[in-house]
Amino acid sequence: MKGGAASSAWGFGFGGGAHPSVNPDWIFQLEARQRTINNIMTTLRMYAPVPIPEQSLQTFALQLEEEIFNASTSWFDYLFKYFQKMMDICPEANSIPNQQGKQ
């Protein structure tokens, strides 16, 4: 699959240019996506109100990462959507500290 919109629309990794499915640096792609899944699982463990079974946690993290991956148009967009989801999971990270006591 050379040329076309798919090869120019997705700048995955540092070199960029091709959609991850046609990117020759597929090892980087797999490692990066696995790190993302592991980070999602860690975040869910920290912020879940009740303990979640490991298999369910892994399934959810995998589905969430696939959703982000498939909806992304570039590496930057992938990271942006990933961090946006993490901010949704960690609401206190979105809050601005109270600045009333500081001058």
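Reply: What follows goes from the whole chain to one helix pair and then to its residues.

This is a predicted model, in which local features need pLDDT of at least 70, side-chain atom pairs count only at pLDDT 80 or more, and totals for chains, interfaces and linings use all residues. Residues are numbered from 1 along each chain as its sequence is written, and side-chain values use heavy atoms, with hydrogens and water left out.

The protein chain has 5 helices and 0 strands; helices (H or I, at least four residues) and strands (E, at least two) are DSSP runs, numbered from the N terminus. From that end, the order of elements is α-α-α-α-α. Of its 103 residues, 29% count as buried. Buried means under 20% relative accessible area, exposed means over 50%, and partly exposed lies in between (1.4 Å probe, protein chains only). A contact means heavy atoms within 4.5 Å. Among contacts between residues at least 6 apart in sequence, 45% join residues at least 24 apart.

The part to look at is the packing of α3 against α4. Two packed helices are described by the angle between their axes and the distance between the axes. Here the angle is about 140° and the axes are 8 Å apart. That makes α3 oblique to α4. The axes are lines fitted to C-alpha atoms, for helices over the stretch in contact, and angles run from 0 to 180 degrees between N-to-C directions. Angles under 35 degrees count as roughly parallel, over 145 as roughly antiparallel, 65 to 115 as roughly perpendicular, and the rest as oblique. The crossing of α3 past α4 is right-handed; a crossing is left-handed if the near helix is turned anticlockwise from the far one by less than a right angle, and right-handed if clockwise.

On the α3 side, the residues that meet α4 are L64, E65, E67, I68, F69 and A71. Their partners in α4 are D77, Y78, K81, Y82, K85, M86 and I89. By class, this contact has 8 nonpolar, no polar and 5 charged residues. Ala, Val, Leu, Ile, Met, Phe, Trp, Tyr, Cys and Pro count as nonpolar, Asp, Glu, Lys and Arg as charged, and the others, Gly among them, as polar.

One of the charged links is a salt bridge between the side chains of K85 and E67 (3.6 Å, N to O). The pair links distant parts of the chain, with K85 in helix α4 and E67 in helix α3, 18 residues apart. A salt bridge is a side-chain nitrogen of Lys or Arg within 4 Å of a carboxyl oxygen of Asp or Glu. K85 is partly exposed at 30% relative accessibility, and E67 is partly exposed at 45%.

E65 is also in helix α3 (residues 54–71), but E65 is buried, with a relative accessible area of 1%. Leaving out residues up to four places away in sequence, E65 touches R33, T36, I37, I40 and Y78. With R33, the contact includes a salt bridge between the side chains (2.7 Å, N to O). E65 lies in helix α3 and R33 in helix α2 (residues 26–47), so the pair ties together parts that are 32 residues apart in sequence. Both residues of this pair, E65 and R33, are buried.

A search of the whole structure finds 4 salt bridges. Among them is the one between R45 and E54 (2.7 Å, N to O). R45 is partly exposed at 44%, as is E54 at 43%.
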